Amino acid sequence: MTRNVIVTGGAGYIGSHACKALRAAGYVPVTFDNLSTGWEDAVKFGPFEQGDLLDRVRLDQVFAKYQPVAVMHFAAFSQVGESMKDPGKYWRNNVIGSLTLIEAAVAAGCMNFVFSSTCATYGDQDNVVLDEDSVQLPINSYGASKRAIEDILENFEQAYGLNSVIFRYFNVAGGDPEAEVGEFHQPETHLIPLMLDAISGKRAALTIFGTDYDTPDGTCIRDYVHVCDLVDAHVLGLKWLEDGKGSRVFNLGTGKGFSVREVIDHSRAVTNQEVPYVEGGRRPGDCTKLVSGSERAITELGWRPDRSNLAQMIGDAWRWHQNGHYEK
Ligand code: UFG
């Protein structure tokens, strides 16, 4: 029997990798995406349905057409800096859009829901390893919007029995080792692709956002996880729901933090080229340090984040960077 999964944001960076993993696991990934930041070229592993999360009629059509066994919800605006300047965009699209999707799923009787949340829901808790029971105190509108969706999912479980697996991502990086899909944002805001742009001369230099943080080298620390490991966890999360194990929250990170300067050092080693950079001021909304307590996904889901080392993430991103891109 065909097992369709609605993948919102399937034309984006993480969603497109998820579609590849879902297809490999025997599901049919149905991409639902408004192409506001995604790329139709990235939809390679199943059908494409263009639509907007705020369009309930369109959502109802897609649920009726595919009768999905689950939803994987990636579609969101996800830039911390932008969320500070334009919070309404984040509350409208991320929160109202997700609520519309969740209501459509429940109305269609699709009661398994996998949700992309973020470590940005934890906020700035210095020198703490953040596990799933840590208090959630977001310091930016992006994190606040994702925390609100987590609350909606909890309430919909209480009211209607909707089962959800919530993944709180740390910093997702790298790409498909076969480079069928990869990271391609316009404009790009993420550290590793910007660094590779600077190395290849596509931009003059990387700016380090802040060198006066309370960290050993003064730059922010993040926990980087390979996108292929991340989407593998989603397939495990889907199986968890199909096995009737109920709602659960999982962090997805490695438990190891790297500063911006350490990422620069690794990029230099992997590409064997200098990284042109300048030192700039802090970016509003940035936390000092975000490192995952990552045991739960490993022990309960059987997740094995084997590819999540910086050398492999930067190497896979570099291969894609040199050859891959999408066009509108
Ligand atoms: N950085 C720079 N220069 C740049 C870009 C980034 O120094 O040009 C720094 C940032 O200040 C930060 C680190 O590199 O310390 C990583 O920045 P990214 O923009 O790559 O990632 P973020 O940590 O800001 O955001 C990512 C995801 C969000 C998620 C967040 C949680 O994009 O969706 O992780 O930290 F919420």
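## Ligand contacts

An oxygen atom of the ligand lies 3.3 Å from a polar backbone atom of Thr 189. Taken alone, the ligand exposes 680 Å², and the protein buries 93% of that. The model is predicted.

A backbone N or O atom of Phe 209 is 2.8 Å from an oxygen atom of the ligand. Tyr 142 uses its side chain: one of its polar atoms sits 3.3 Å from a ligand oxygen atom.

## The shell around the ligand

The ligand has 21 residues around it. Those that come nearest are Tyr 142, His 190, Thr 207, Arg 283 and Asp 286.

Which strand gives the largest share of this shell? Strand E8 does, with 4 residues. E8 spans residues 206–209. Helix H6 (191–200) also contributes, and H6 and E8 each supply at least two shell residues.

## Aromatic pairs

The model holds 7 aromatic pairs. In one of them, the rings of Trp 240 and Phe 250 have centres 5.5 Å apart. Their planes stand at 90°, so this pair is edge-to-face: the angle is over the 60 degrees required. Trp 240 belongs to helix H7 (residues 227–242), while Phe 250 belongs to strand E11 (residues 248–252). The pair therefore ties together parts that are 10 residues apart in sequence. Are these two residues buried or exposed? Both Trp 240 and Phe 250 are buried.

Ring pairs also link Phe 77, Tyr 90 and Tyr 142 into a cluster.

## Charges over rings

The charged end of Arg 282 is over the Tyr 213 ring, 3.9 Å from its centre.

Strands of a sheet pair through backbone hydrogen bonds, either parallel or antiparallel. Here, an open sheet of 3 strands runs in the order E12-E9-E14, and its pairing is mixed. The edge strands are E12 (258–259) and E14 (289–290), each pairing on one side only.

How many bridges join E9 to E12? There are 2, and the two strands run antiparallel. Strand E9 covers residues 221–222. Across this pairing, Arg 222 stands opposite Phe 258 in E12.

Conventions. Residues numbered from 1 in each chain as written. Predicted model: local features only at pLDDT ≥ 70, side-chain atom pairs only at ≥ 80, totals over all residues. Heavy atoms only, no water. Pairing = 2+ DSSP bridges. Phe/Tyr/Trp six-rings, centres within 6.5 Å; stacked < 30°, edge-to-face > 60°. Buried < 20%, exposed > 50% of the residue type's maximum accessible area, 1.4 Å probe, protein only. Lys NZ or Arg CZ within 6 Å of the ring centre and 35° of its normal. Near = heavy atom within 4 Å. Polar contact = N/O pair within 3.5 Å; in protein donor to acceptor, adjacent residues only side chain to side chain. Areas by Shrake-Rupley, 256 points an atom, 1.4 Å probe, with all protein chains shown as cover.
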